[in-house]
Amino acid sequence: MAQIEAFLSQVSGIVWGVPLLVLLVGTGIYLTIRLGVLQVRSLPYALKLAFSKNQDKKSDGDISHFQALMTASAATVGTGNIVGVATAVVLGGPGAILWMWIAGFFGMATKYGEAILAVKYRVKDSEGNMSGGPMYYLEHGLKQKWLGVLFAIFGALAAFGIGNGTQAKAVADLMNSTFSVPFWVTGIVLVIFAGMVILGGIKWIGRVTAFFVPIMAAFYILAGLIVMVMHINLIPEALGTIFTYAFSGEAVAGGTVGAVIRFGVARGLFSNEAGLGSAPIAAAAAKTDLPGRQALVSMTQVLIDTFIVCSITGITIVMSGDWQEESIDAGVLTASAFGTLLGGAGPYLVTFGLLFFATSTILGWGYYGEKCFQYLFKHPVAVKGYRTVFVLFIFVGATASLDVIWTLADVLNGLMAAPNLIGLLGLSGMIIYETKRFQQKVKEERKAS
């Protein structure tokens with residue numbers, strides 16, 4: 001088993017190596033240029049669409065713009081925002097945070113492109129619900145069904161690791177270390193809660209995440225803002241450290257600027273999932289008249305994940321100075337930083353934040369995995385079977401140590417990106433066409449109002 005684990009770790013290093021990271025960021029840069037830096041020009045309107053009370057209720061779809069955004073946010077705002085950012089700082093130094101922001105900026109264009117294709121090529125399943133995502137635009141748009149099948153296989157399997165077992169294990173470890181709650185108790189509670197939501201399908205997931213995600217995000221953001229206000233004098237120095245280390249390569253693994261960039265970009269993309277092809281699965285379920293409208297809403301998810309939540313974590317860590325301690329464990333660095341700056345309550349705030357984040361990720365990825373499985377096996381009974389197995393596996397993740405499965409899931413998660421990026425680049429012309437069509441519609445609406 002140890003040999004298998006070592007082999008998979010090597011494969012994971014290759015999959016998440018420089019070529020994939022270059023392709024991920026390169027696709028974002030390419031789309032940013034072709035779209036005329038749309039993530040800046042259209043951001044105010046995108047935020048208005050996402051958080052408006054007057055959501056589209058008449059168009060085809062299963063859930064609202066906001067519910068689709070929260071479902072995607074539920075899946076991405078997870079352990080990566082707390083432990084992932086800490087890992088980037090431990091391995092790449094404070095400068096990795098700047099490269100995380102840069103990757104997030106271009107990732108907004110990627111996320112926009114994914115969503116526009118997901119809505120464009122979505123279909124109705126046998127029960128009248130919307131199904132979409134990379135597997136559908138690879139088959140119907142790019143006319144390469146084999147790539148769609150590959151993506152669906154990778155996604156359906158990866159969901160058990162990145163969106164299930166690792167999250168459940170993180171919650172169980174925290175509850176055990178902080179409150180001495182037995183692992184099996186946490187496992188049962190998570191199974192009951194997640195089962196009640198996931199077994200109800202996307203409409204239940206959409207309703208719960210629309211209520212749950214804003215509260216959990218606000219809780220963590222508020223805690224971070226309190227820390228910053230209390231130590232506002234440390235913020236300029238922290239930002240200066242981030243920018244200085246981004247180009248110096250000092251005190252990091254490998255000791256080079258390349259290492260700083262690699263860890264910053266990798267952890268940033270791992271957190272916001274831009275280019276991996278997961279979030280457009282949720283976007284495809286949204287009620288919307290034009291693909292471009294939901295695409296703008298989906299784009300704001302990177303803003304929430306990277307520029308707000310990840311920034312709270314990263315800046316707090318740098319402000320605390322705890323990252324400079326030798327042999328510091330990334331798993332406890334964020335809690336340590338909050339404890340340094342906020343006192344005894346700090347670690348508890350991080351514990352509750354990670355508890356909420358990890359639990360919400362299970363809900364979002366339950367839907368992603370289900371839709372990938374549905375693409376491969378169309379029958380409703382098979383889909384319900386997948387839901388059931390997914391929910392029961394949460395208990396396994398919370399109580400067992402299955403490092404091989406988690407490493408395999410990490411590999412599969414990276415492999416999801418390859419066919420998705422091929423689809424984005426191959427269908428970039430359609431992304432531009434739908435964008436122009438949508439922008440013309442917006443102009444007409446503004447003249448009429």
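1. Start with the aromatic cluster: Phe160, Phe373, Phe377, Tyr386, Phe390 and Phe393 are joined into one by ring pairs. A pair here means rings of Phe, Tyr or Trp (its six-membered ring) with centres within 6.5 Å; planes under 30 degrees apart are called stacked, over 60 edge-to-face, and the rest tilted. Across the whole structure, 18 aromatic pairs turn up.

2. One of those pairs is Tyr386 with Phe390, a stacked case at 6.3 Å centre to centre and 25° between the planes. The two sit four residues apart in helix H19 (residues 380-399), so about one helical turn separates them. Helices are DSSP runs of H or I with at least four residues, numbered from the N terminus. Tyr386 and Phe390 are both buried, where buried is under 20% relative accessible area, exposed is over 50%, and partly exposed is in between (1.4 Å probe, protein chains only).

3. Before going on, the ground rules: this is a predicted model, with local features needing pLDDT of at least 70 and side-chain atom pairs counting only at pLDDT 80 or more, while totals for chains, interfaces and linings use all residues. Residues are numbered from 1 along each chain as its sequence is written, and side-chain values use heavy atoms, leaving out hydrogens and water.

4. Now the charges. With a salt bridge taken as a side-chain nitrogen of Lys or Arg within 4 Å of a carboxyl oxygen of Asp or Glu, the count is seven. Have a look at the network that links Lys120, Glu434 and Arg437. Glu434 meets Lys120 at 3.0 Å, N to O. Since Glu434 is in helix H21 (residues 428-448) and Lys120 in helix H7 (residues 96-120), this contact ties together parts 314 residues apart in sequence.

5. Asp289 and Arg293 make another salt bridge, 2.8 Å from N to O. Asp289 is partly exposed at 37%, whereas Arg293 is buried at 8%.

6. Last, charges over rings (NZ of Lys or CZ of Arg within 6 Å of the ring centre and within 35 degrees of the ring normal). Lys169 has its charged end over the ring of Phe183, 4.9 Å from the centre. Arg446 lies over the face of Tyr45, 5.5 Å from the ring centre.
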